[in-house]
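Q: I would like to learn how to read a protein model feature by feature, starting with confidence and then moving to sheets and cores. Could you take me through one?

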Amino acid sequence: MAAAALCRVLLAGSLLASRPPAGAQQSATVANPMPGAASDLLPHFQLEPQDVYIVKNKPVSLACRAAPATQIYFKCNGEWVHQGEHVTQRSTDPGTGLPLMDVRIDISRQQVERVFGLEEYWCQCVAWSASGTTKSQKAFVRIAYLRKNFEEEPVGQEVSIEQTIVLRCQPPEGVPPAEVEWLRSEELVDAALDANLQVTPEHSLVVQRARLADTGNYTCVAKNMVARRRSAAAAVTVYVDGRWSGWSRWSLCALDCTHWRSRECSEPAPRNGGQECQGAELETRNCTAELCSHPASGPEDVALYVGLVAVAVCLVLLLLVVALVCCRRKGGLDPDVPDSSVLTAAFQPVSSKAAKAGPSHLLTIQPDLSTATMTYQGSLCSRQDGPGKFPLGNGHLLSPLGAGRHTLHHSAPAAEGLDFVSRFAAQSCFRSLPRGAANMAYGTFNFLGGRLLIPNTGISLLIPPDAIPRGKVYEVYLTLHKQEDVRVPLAGCQTLLSPIVSCGPPGVLLSRPAILALGHCVEAGAAHWSIRLKKQSCEGTWEEVLHVGEEPASGLYYCQLEAQAAYIFTEQLGRFALVGESLSMAAAKRLNLLLFAPASCSSLEYSVRVYCLRDTPDVLKEVMQLEKQLGGQLIGNPRVLHFKDSYHNLRLSIHDMPSSLWKSKLLASYQEIPFYHLWSGLQPYLHCTFTLERLSPATCQLACKIWVWQVEGDGQSFHLNFNIAKDTSFSDWLVPDSEVGSPALVGPSAFKIPFLIRQKIVSSLDTPCAHGADWRTLAQKLHLDSHVSFYASKASPTAMILNLWEARHFPSGNLLQLAAAVAEVGKQDSALFAVSEAEC
């Protein structure tokens, strides 16, 4: 009896537990089913809720379908979902005729976050019929995310060819777990298409046998439905160590009873910074066991006599030079003779500065780099001035000119330039300017403005209209300084990125900013550089006046930095230079590589000079002029090399020269220029000389390769094949001065836009327009909208935009294209641009 009562109590409790809550009762009544009817079956689910992820704040839906079912409710985390949150649809299964019920609910992020961290949020369906209840599977609702930081990022490697490369990657934590893919130089790596590649279950990329094509920057990319994350790029370099070819046959027995054989480091040749072959490439040995006897008057005796005569002649010339120096010192002449270190230093900047009237032959002396391979020792970031540096003068810059009116000059010939210099030479502040007009332009300007330019240097100064107050006349100059005349102090690992340029008179405030244009050698994105504009005060100290990219909206200075040139807005004239400091090893400077050789050669020796220059037009002009004086000719097309801030030196070597016709006097396998000499930019004319010797005077054809590369960096190769006996004229890559135009352009002739048309554009577009048809749209059309706040801070934003357009597009600017851009703005009237070709 007691057992039967206990069974009834347990059965009642189970029935109560299987019922939905009171608030979830259906309002409709269910008819009593007939015995054996379909409604007597237990409900079964045709659709069960599935796991879902919440992305951001978008709600997700859970759905289920059961037949036969009289009621279906959701239970989430053990609690019944209220009836009002259900969306229910009733139908009949066409196949079985059973009553079918679909139920759906929406889950929000707030519901999940209430239990987030304690347990996972889950929901399931419970279906009722007359025969009982059925529960579906649990569906978990999770908030999707992907963290930013990788657990492990790939690391760059340098491996030899055929070795195995393993790049590890642990993606950031995320829900759902992130999928991983690999990029090589921004191209997707598909292991399914390359049997040499494998991606492990731990997401590591494995290169079974490294090939040269596997060199590149590898990036691990993790992604899920929320975000896509990229790891830092890992640079992988596959290098090839050089290996010797087989020995050649022994040569015929020479007069000294020896013969020789050679081999080349070409099977394979070293690549991508691989090691050179170790050992000798030439082997000699005796070719007979007996003593050799030869006539006393053989060719070797003639060579001996010729050598003795040459030594005697050299000694006589040396004595004459010593006597000449002693006589000059006794006679009170200027003893300013270059130190002997000029002749022995491995790398010296070449200067085109004219020597004094004595040892003019010193201009032709070149550093001899053929005796040893130079290496650089010591701190790479040291900036202490050594004895080889030129002292920085403490003299002031040009003082403001007098208020008197001067004669208007439309050009600056050499005689007038010297007169201009002599007029200011008495002023103490002019001592730091060069006494010459080769790198100088000047003119007299009023409120109409004008332009100064130094031909073939990319340096110009635009003085816009109304920059000089009406009723006043200023005599303005523009000067390019040589490295040996003016020095910019560098701190840390800073580098000089541009020429040093003066415009004056300094200290004069203009009503509107003038625009100074000058070239630079910055390579790679601005994110890799910290570039600053420096200006020299009248006391001689250099001050930082602008951090490029962080210009204040209103100020005296602003810099528009473009790929090849910088345009500096300044309301105060003075001496300027761009100085940069790299923020990562991805930062690079552009170097211009040029090869020069004698235009004609009558001796057995022949020299090839390889210049490594800052890639700016002013340095190219100086070297062209210097080589023209030395009788050199340009051989091969100039190349650009991206020199990275990796502390690795620059190497130069010569290859594939026919040994039966030529031989190199370079004892080492390559020459090397220290990293700091190139990176600092303080020595603009660095070069190496390859001294070659013809084995026969009849040899005139020179065919070889010259390689220039940075260790673990960029490289260039020159393929030479030309006749050295052919007296070719010096090929000048510069535009002749006569084609450039006058160094000084005054008034309307200095501008592409006619003055009246300019005034119409300014008055039309300066006024803000609600539809956007104003100067802002013009800046966007001309791709000059990177710093709109700077234009807005000026009295006439449109004038600032037109001034920058004039500076960028002189002298080849297309006025019709500008007119079309302004016409697209849509605010001006149709008569504004009715400009005839004569007016343009």
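The dialogue below goes through this structure one feature at a time.

Q: What should I know about the origin of the coordinates and the conventions?
A: This is a predicted model, in which local features need pLDDT of at least 70 and side-chain atom pairs count only at pLDDT 80 or more, while totals for chains, interfaces and linings use all residues. Residues are numbered from 1 along each chain as its sequence is written, and side-chain values use heavy atoms, with hydrogens and water left out.

Q: What is the mean pLDDT of the protein, and where does pLDDT stay under 50?
A: pLDDT is the predictor's confidence in each residue, on a scale from 0 to 100. Here the mean is 76, and 75% of the residues reach 70 or more. Over residues 1-18 the pLDDT is below 50, and this stretch has two contacts in the model beyond near neighbours in sequence, a contact meaning heavy atoms within 4.5 Å. Residues 290-297 also have pLDDT under 50, with five contacts beyond four places in sequence. Where pLDDT is low, the predicted coordinates should not be read in detail.

Q: How many helices and strands are there in the protein?
A: Helices (H or I, at least four residues) and strands (E, at least two) are DSSP runs, numbered from the N terminus. The protein has 13 helices and 47 strands. Of its contacts with a separation of 6 or more, 70% are between residues 24 or more positions apart.

Q: In what order do the four strands of the open sheet lie?
A: Two strands pair if DSSP finds at least two bridges between them. The four-strand open sheet has the order 1-3-7-6 with antiparallel pairing, and its edge strands, strand 1 (44-47) and strand 6 (87-92), each pair on one side only. Neighbouring strands of this sheet are turned by 25° against each other on average, direction ignored; for such angles, axes are lines fitted to C-alpha atoms, for helices over the stretch in contact, and angles run from 0 to 180 degrees between N-to-C directions.

Q: Which residues stand opposite one another in strand 7 and its partners?
A: Strand 3 (residues 60-67) pairs with strand 7 in the antiparallel sense over seven bridges, and L62 stands opposite I105 in strand 7. On strand 6, which is joined to strand 7 (residues 99-107) by six bridges and runs antiparallel to it, T88 faces V103 and R90 faces M101. Strands 6 and 7 form a hairpin with six residues between them, and G97 in the turn has a positive phi of about 75°.

Q: Why is one side of strand 34 and of strand 47 left without a neighbour in the sheet?
A: These strands belong to an open sheet of six strands, in the order 34-35-30-26-25-47 with antiparallel pairing. Strand 34 (557-561) and strand 47 (744-746) stand at the edges and each has a single partner strand, so one side of each has no neighbour in the sheet.

Q: Which residues touch the most other members of the largest nonpolar core?
A: A nonpolar core is a set of buried Ala, Val, Leu, Ile, Met, Phe, Trp, Tyr and Cys residues joined through side-chain atoms within 4.5 Å, where buried means under 20% relative accessible area, exposed over 50%, and partly exposed in between (1.4 Å probe, protein chains only). In the largest core, of 72 residues, L461, L478, Y606, L702, I706 and V708 touch the most other members. Beyond four places in sequence, the contacts of V708 include L593, V610, L641 and F718. A second, separate core of 35 residues includes A565, F569, I801 and V825.

Q: Is K794 buried or exposed?
A: K794 counts as buried because its relative accessibility is 15%. The residue is found in the loop between helix 11 (788-792) and helix 12 (797-808), and, not counting residues up to four places away in sequence, K794 touches P513, G555, E571 and M800. Across the protein, 43% of the 840 residues count as buried.
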